[in-house]
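User: I have a two-chain model open and would like to talk it through with you. Could you take my questions as they come?

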Amino acid sequence: MALRSTAARLFLVPRQGEPDRGVYLFNLAAALVLLSLAVFWGIRSLGYELRWESVWKYRANLLRGFQMTILLSLGSLALSVVIGLFFGLAQGSRLIPLKLFARFYIEIIRGSPLLVQILIFFYVIANALGVQNRYTAGIIIMSIFAGAYIAEIIRSGVDSVGKSQRETARAMGLTPAQTYRLVIFPQVLTRVLPPLAGQFASLVKDSSLLSIIAVKEFTMAAREINAATFSTLESYIPLALGYLALTIPLSLLTRKLEARFSYDS
Amino acid sequence: MTLELTGLSKAFGDTVVLEDLTLKIEGRQSLVLIGPSGGGKTTLLRLMAGLEEADRGTLRINSHRLEREEKHLREYRKRVGIVFQNYNLFPHLTALENILLPLVHVHQWNREEARDEVMALLGRFNLEEHALKKPAALSGGQQQRIAICRAVAAKPELLLLDEPTSALDPEYTSEVLDLIGELRTEGMELVLVTHEIGFAQEVGDQILFVADGGVRQHGGVDEVLMNSTDPRVQAFLSKVLKHHTV
């Protein structure tokens with residue numbers, strides 16, 4: 001009983017007020033020490049000896065892969081927003097075939113594994129369309145994939161602007177286009193920024209799967225180094241840190257945006 | 001104002017809300033629609049506002065004959081001000097920007113001049129200190145008063161209000177009613193749906209009792225609110241006024 005109520009207090013009862021800065025830093029340090037101990041102990045128990053020098057000479061490959069991942073992510077990010085915007089709005093279209101097409105697209109993409117999509121797109125569709133460059137293909141695949149999620153984010157954003165506001169806009173004599181431009185989009189933008197930032201973090205991580213179609217991105221580079229040196233951990237630990245260097249800023253940005261817009265409306 | 005309805009009917013699916021309504025009212029500054037919920041008064045107001053299209057019949061207000069066509073109705077809506085029960089200010093804009101938006105984007109006013117006009121309007125109703133606040137920072141009464149300013153800023157021919165105080169805490173009701181009363185004194189033509197019988201009595205030139213798909217009775221305050229012989233009107237008034245000591 002006592003244990004249960006302690007657990008309930010620990011996890012379910014929110015803290016009153018913020019801890020002061022000193023207390024916070026101390027706890028942060030303690031958490032980091034705990035984490036490093038766990039990692040250290042894990043590696044030790046493997047009986048594994050880290051040999052960084054074998055991997056060091058391949059650092060240029062790793063860096064090139066990292067740059068490629070950033071490029072792929074940025075390219076997919078831009079294209080996926082365009083796709084997501086189109087299908088997000090198409091879902092609310094009065095044109096039934098367009099609406100259904102958008103629905104099918106979103107359900108199929110969200111319901112199947114990215115790995116399968118990459119294989120089918122690359123070996124079947126890209127071939128048929130004559131897309132030869134695997135980097136272009138990679139960006140298109142990632143954009144189609146992320147676009148489906150972004151479409152859902154945008155649709156829920158548009159839906160969250162209540163009917164009564166559209167009605168008011170109509171009552172004023174605004175045209176439907178003006179209503180979207182002046183009333184709906186400005187509100188949608190602030191509401192979808194946090195989930196969008198989260199989606200972009202996923203996009204960065206998911207791009208690692210492109211290594212299966214031999215796109216030389218970050219994960220591919222690490223795998224090649226591992227194959228050449230048999231230094232598995234020394235290849236993959238920098239990989240994990242590299243992804244974190246991209247996703248943690250995005251995650252912090254998400255939290256900041258959430259805090260900024262949570263009190264609104 | 002002149003209001004002329006001929007054979008006006010409106011149904012939503014199988015629910016007939018207004019049935020073959022014919023009516024002519026002339027030379028009144030303000031009309032007040034009262035009646036039980038679901039009786040059709042809001043639908044009648046929305047038809048008059050050009051927000052709904054009638055199934056059959058015609059509706060004339062002043063010089064306008066409302067067509068069943070969205071483009072025509074949009075032009076008409078620019079000429080009238082409409083106020084809703086839930087204020088419906090745009091939450092991402094300040095009070096000032098809320099009022100400026102239709103002036104600049106619908107009525108093509110110059111932004112600077114519009115701004116001066118709006119500040120003067122807000123000043124007249126002691127709202128200028130709230131000009132730069134967003135709706136979330138305003139009380140319900142303040143929001144509704146801003147919404148009314150938004151509706152009258154473009155100097156509409158007619159102001160239509162759909163239960164403007166129903167969503168308010170009682171303490172804010174009077175400030176909103178005062179504002180509407182002032183607009184009436186300044187000569188604004190009004191159509192008002194309300195449950196505030198006392199206020200209807202104060203500002204209504206013509207009271208329309210709307211129930212069961214039609215206007216059951218209409219006439220001056222004396223006729224409808226004081227000395228109605230219609231049992232439906234009497235029953236409604238006695239219910240609404242039950243806990244009022246007049």
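Predicted model: local features only at pLDDT ≥ 70, side-chain atom pairs only at ≥ 80, totals over all residues.

User: What is the phi of Glu163(B) like?

Analyst: Phi of Glu163(B) is near 45 degrees, which is a positive value in a residue other than glycine. Most residues other than glycine have a negative phi.

User: And is Glu163(B) buried or exposed?

Analyst: Glu163(B) is buried, because 21 other C-beta atoms lie within 10 Å, and the cut-off for buried is 20 or more.

User: Where does Asn126(B) sit, and what about its phi?

Analyst: Asn126(B) lies in the loop between helix 4 and helix 5 of chain B, and although Asn126(B) is not a glycine, its phi is positive, at about 55 degrees. Asn126(B) is exposed, since 11 other C-beta atoms lie within 10 Å and the cut-off for exposed is 12 or fewer.

User: Switching to the sheet, what is the strand order in chain B?

Analyst: In chain B, 6 strands form an open sheet in the order 6-7-8-3-9-10, with mixed pairing. Strand 6 and strand 10 (214-219) of chain B are at the edges with a single partner strand each, so one side of each has no neighbour in the sheet. On average, and with direction ignored, neighbouring strands of this sheet are turned by 15 degrees against each other.

User: Which residues of strand 6 of chain B are buried?

Analyst: Strand 6 (residues 80-83) of chain B is covered on both faces, with Val80(B) and Ile82(B) buried on one side and Gly81(B) and Val83(B) buried on the other.

User: How is chain B divided into domains?

Analyst: The domain assignment gives domain 1 (1-79 + 157-246) and domain 2 (91-156) of chain B. The centres of domain 1 and domain 2 of chain B, taken over C-alpha atoms, are separated by 25 Å, and their contact takes 16 residues from domain 1 and 11 residues from domain 2 of chain B.

User: Which elements of domain 1 of chain B supply that contact?

Analyst: Strand 7 and helix 6 (170-185) of chain B each give two or more residues to the side of domain 1 that touches domain 2, and helix 6 of chain B provides the largest share, 6 residues. This side of domain 1 of chain B divides into 11 nonpolar, no polar and 5 charged residues.

User: Now the two chains, how many residues of chain A and chain B are in contact?

Analyst: 15 residues of chain A are in contact with 17 residues of chain B. On the chain A side, helix 8 (163-172) and helix 9 (176-206) each supply at least two residues, and helix 8 of chain A gives the most, with 6 residues. The side of chain A that touches chain B divides into 6 nonpolar, 7 polar and 2 charged residues.

User: Why is helix 3 of chain B described as largely enclosed?

Analyst: Helix 3 (residues 95-105) of chain B is largely enclosed by the rest of the structure because 8 of its 11 residues are buried, among them Leu96(B), Asn98(B) and Pro102(B). The cover over the buried residues of helix 3 of chain B includes helix 8 and helix 9 of chain A, along with helix 4 (111-124) and helix 5 (140-152) of chain B.

User: Last one, what is the mean pLDDT of chain A?

Analyst: The mean pLDDT of chain A is 88, and 98% of its residues reach 70 or more.

How values were computed:
Residues numbered from 1 in each chain as written. Chains lettered and ligands numbered in written order. Helix = DSSP H or I, 4+ residues; strand = E, 2+ residues; numbered from the N terminus. Contact = placed C-beta atoms within 7 Å. Nonpolar A, V, L, I, M, F, W, Y, C, P; charged D, E, K, R; others polar. Domains from an automatic or database assignment. pLDDT = per-residue confidence, 0-100. Pairing = 2+ DSSP bridges. Axes fitted to C-alpha atoms, helices over the stretch in contact; angles between N-to-C directions.
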